[in-house]
Amino acid sequence: MSNAIESPTPQRHALWVRVSHWLLAFSVLTLAYSGFYILLAHPRLYWGEVGNDLTPALLELPLNDNHRPEAWQQTVTFDALANKPISASRTMEIFNQNGWARSLHFLAGWIFVVAGAFYFAFGVATRHVWRDLWPRRGGSYSLLQRWAYTSVAFGLLPFMVLAGLAMSPQVVAAFPVLLDIFGGHQSARTLHFFGFVAIISFVVGHVAMVVLTGFGRHMRAMIVGK
Amino acid sequence: MRMNKRFTTRRAVMKGLASSAAITLAGCSASEPPTYGNVLRMGDWLTYNAHRLLLPRHSLAREYDLRDISAAPAIGTTDPSDPSQGGFVQEFAEDYARFLHEGFGDWRLTVEGSVANPSSFSLEDLKRMRSRTQITRHACEEGWSAIMQWTGVPLRAVLEAAGVRSDARFVQFHCYDAFVDGIDMLDALHPQTILAYGMNGRDLPIAHGAPLRVRVETQLGYKSMKFLRGLVVTSEFDDNGPYGMIQNGWSWYAGI
């Protein structure tokens, strides 16, 4: 850590690094914002394939009244079935901003995927990934920084894309293995949420380090290149 | 499930930004969904076209066992004849209340548009056609899911009975809760796209769309429209005016 704080000269960033950094930063923040609004419609998390207001939650997030809606009536039972499932009608209107939030999430998702592919292709071709990010000693970033960058760029972010795809009805019809990998639709949703928490933690840490080690200098380096 | 009618400042700002940007998609003709010169719709358009281009056609959604059937909320309109509910329209409500009273004996599903024989089918007619029973997962856009068993007639069988013309590209669903929405012919002819009259081994309950609802297993729950009145087969994309879900900011394509 001290290594990073004392880092004398920031990286000189190539143009392609600067462009993809800001495109990725913009899309990830937009994904986080719209994703949070999507979550607000149903801030309950589950494990497995199924979860809804009539089944127990793994985690209820008290973000608004939607996490525990009380108004249900006209319960129907399906007695002929062994586990006697029920149905009930919701009688209150919930907070739901999923129309625009979902469309914005996917618009940002496309920008993220294109910018991420661009970054990955250039990062490998120019050996930037090996030289500056891969966890090894030497160069201008500390080992801890390298671990953080590598695990977010090549672990967490691709994981988020896959967990997101595992919630898509059309994609899992084509690739049902995604449901098996994540343990079901609701597990994928829960893991997608924890991935969001991890990304926000990384962004907070990243921005804190930038501020602590010379905000102006780092911003100049990432905007004009030196 | 249904749209939220409260119009927030944020959404107003978004719409303003979208229209002032006046971005239109190259190659997005009037017959191509979605038709909106709206920034937010660009991602929907990309997702729809990427799915149609890249994904294998007619892969089956996973089907489950009887023991996997779960509790299932009924949301949106749960009785079209109830004036307190969203989607209430006096004319439809009166018809629906009458059908309900008579056990749907007089109810008909009309099929019109780009078909050789515009027709109407009673519930008995539909039950005499070939049937399909499937236990599938309903994924609601809100974020929850439920597994239920559905029994119905494949939409393909109904379209074949009416003789779909070669220019047909979309199937629009008109419902007693006044909503109208549609799917493209690929999803319409999908083997798991059925018009369901049975749920979990019994007649479709009112709250779940009696007497007949759509099941589109390759899209989010809001495309599985309830309380069917009629089908219209079209050759052009139609946003269904004020009754279309897309007018309220909901993506036309929900295979996401």
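Two strands count as paired if DSSP finds at least two bridges between them. Strands (E, at least two residues) and helices (H or I, at least four) are DSSP runs, numbered from the N terminus.

This is a predicted model, where local features need pLDDT of at least 70, side-chain atom pairs count only at pLDDT 80 or more, and totals for chains, interfaces and linings use all residues. Residues are numbered from 1 along each chain as its sequence is written, and chains are lettered from A and ligands numbered from 1 in the order in which they are written.

**Stop 1: a sheet across two chains**

Select Ser87(A) and Ala72(B). Ala72(B), in strand 1 of chain B, is the bridge partner of Ser87(A).

**Stop 2: the interface**

Colour the contacts between the chains (C-beta atoms, placed from the backbone, within 7 Å). On chain A, 46 residues are in contact with 54 residues of chain B. Elements of chain A that each supply at least two residues to this side include helix 2 (15–40), strand 3 (72–77), strand 4 (86–90) and helix 8 (185–212). Helix 3 of chain A gives the most, with 10 residues. The side of chain A that touches chain B divides into 23 nonpolar, 18 polar and 5 charged residues. Nonpolar means Ala, Val, Leu, Ile, Met, Phe, Trp, Tyr, Cys and Pro; charged means Asp, Glu, Lys and Arg; the others, Gly among them, are polar.

**Stop 3: chain B and a hairpin**

Chain B has 6 helices and 11 strands. Of its 256 residues, 49% are buried (20 or more other C-beta atoms within 10 Å of a residue's own; exposed is 12 or fewer, partly exposed in between).

Zoom to strand 6 (residues 170–175) and strand 7 of chain B. They pair in the antiparallel sense over 5 bridges. His174(B) stands opposite Val180(B) in strand 7 of chain B. The hairpin has 4 residues between the strands, and Ala178(B) takes a positive phi near 75 degrees. Finish on strand 7 (residues 180–184) of chain B: 4 of its 5 residues are buried.

Note on methods
Contact = placed C-beta atoms within 7 Å.
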